[in-house]
Amino acid sequence: MSGNVIPPHVPVLLDAVIAGLAPVAGERHVDGTFGAGGYTRALLAAGASVIAFDRDPDAIAEGAALLAEADGRLVLVHDRFGAMTAALAARDVDDVDGVTFDIGVSSMQIDRADRGFSFQADGPLDMRMSQEGQTAAEFLNDSDEAEIADVLYHYGDEPKSRRVARAIVAARPLTTTAELAAVVRRALGHRPHEKKDPATRAFQAIRIHLNRELDELRDGLVAAERALKPGGRLAVVSFHSTEDRIVKRFLIERSGATPAGSRHMPQAAAATPPSFDRVAKPVRADESEVARNPRSRSATLRVAHRTASPPWSSVEGYSA
């Protein structure tokens, strides 16, 4: 692979992710969230081949240059990573040595105002990763106040969700990100000197809802469990507590590390052998990385190794 192309961005916790995946020449890895290709480049540089997924057509189109450099070791798949099982089967891939996910919005999406993800630059209220389906404007302008409040509360941890939803409904129709951000700031009493913009939680919540991101994460974890060969490595980077809690619960259950029962509620006998072991402690960015890349401030990496046991059925455990 040529070293002439400079990556458009450096993904968070890159060194830690690659250390956890430990790719070697000849291995086959899945990058479930291709984005601008940062993790894929590092995997290719280690000599591995990569099957990279992204539901965003822009990411796939812009990956063409890297595809040309990869000497046949890269396959780009325009699909959700939650659909990995069927996509790999369609390509006669039985198993892989590693799977990585970088959950949430990509830098290339949030940095482009016309995609509608950012409250810091004005653009259309869109927020669709796949560029298909309901837009943020359609959701906010057509939904009732209670539904909007529920989304803000459950996906954005917004403690004043009802107040914000009431303000959104009163300001309709909304068509741009600047309009939405202004409504949220007024509802919450934003002061310019505050470190965190109060619009952050609302934008996060609406984006997660529209793109079904938490359901996609759950589907992706189960698909990774099925795809990884014995000894295969899973690495997941998440950016807020709800995402990380889903990953943590999945690995706790699948590694057989559920809490022991008490005399009042004995632990049920494990019906299925653990499908993961060597679950590492979570890794977070150090001060130097946060200084270089502020997005890494909220990132958490979890890594685990696949055992030789069969994957769990989709209905066993894992109710996160």
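**View 1. Strand E1 and its two parallel partners in the predicted model.** In this predicted model, strand E1 (residues 28-31) pairs with strand E2 (residues 49-54) in the parallel sense over 4 bridges, where two strands pair if DSSP finds at least two bridges between them. Helices (H or I, at least four residues) and strands (E, at least two) are DSSP runs, numbered from the N terminus. Within this pairing, His29 stands opposite Val50 in E2. From E1 the chain crosses through helix H2 (residues 38-45) to E2, and this β-α-β crossover is right-handed, a term used if, with the strands pointing away from the viewer, the path from the first strand over the helix to the second runs clockwise. E1 also pairs with strand E4 (residues 96-102), in the parallel sense and over 3 bridges, and the bridge partner of Asp31 in E4 is Thr100. Residues are numbered from 1 along each chain as its sequence is written, and side-chain values use heavy atoms, with hydrogens and water left out. Because the model is predicted, local features need pLDDT of at least 70 and side-chain atom pairs count only at pLDDT 80 or more, whereas totals for chains, interfaces and linings use all residues.

**View 2. The packing of helices H8 and H9.** Helix H8 (residues 145-156) and helix H9 (161-171) pack at an angle of about 135 degrees, with their axes 8 Å apart; axes are lines fitted to C-alpha atoms, for helices over the stretch in contact, and angles run from 0 to 180 degrees between N-to-C directions. H8 and H9 are therefore oblique to each other, given that angles under 35 degrees count as roughly parallel, over 145 as roughly antiparallel, 65 to 115 as roughly perpendicular and the rest as oblique. The crossing of H8 and H9 is right-handed (left-handed if the near helix is turned anticlockwise from the far one by less than a right angle, right-handed if clockwise). Glu145, Ile148, Ala149, Leu152 and Tyr153 of H8 meet residues of H9, among them Ser161, Val164, Ala165 and Ile168, contact meaning heavy atoms within 4.5 Å.

View 3. H9 and H10 pack at an angle of about 135 degrees, with their axes 9 Å apart, which makes H9 oblique to H10. H9 passes H10 in a right-handed crossing. The contact is made by Arg163, Val164, Ala167, Ile168 and Ala171 of H9 together with Leu180, Val183, Val184, Ala187 and Leu188 of H10, and by class it has 9 nonpolar, no polar and 1 charged residues. In the loop between H9 and H10 lies Pro173, which is joined to Arg172 by a cis peptide bond with omega of about 5 degrees.

**View 4. The packing of helices H10 and H11.** Helix H10 (residues 177-188) and helix H11 (residues 199-211) pack at an angle of about 130 degrees, with their axes 9 Å apart, and H10 is therefore oblique to H11. In a right-handed crossing, H10 passes H11. On the H10 side the contact includes Thr177, Leu180 and Val184, and on the H11 side Ala199, Phe203 and Ile206 are among the residues involved. The residues of the contact of H10 with H11 divide into 8 nonpolar, 1 polar and 2 charged.

**View 5. Gln131 in its loop.** Gln131 is found in the loop between helix H6 (107-110) and helix H7 (136-142). Phi of Gln131 is near 65 degrees, a positive value in a residue other than glycine.

Note on methods: Nonpolar A, V, L, I, M, F, W, Y, C, P; charged D, E, K, R; others polar.
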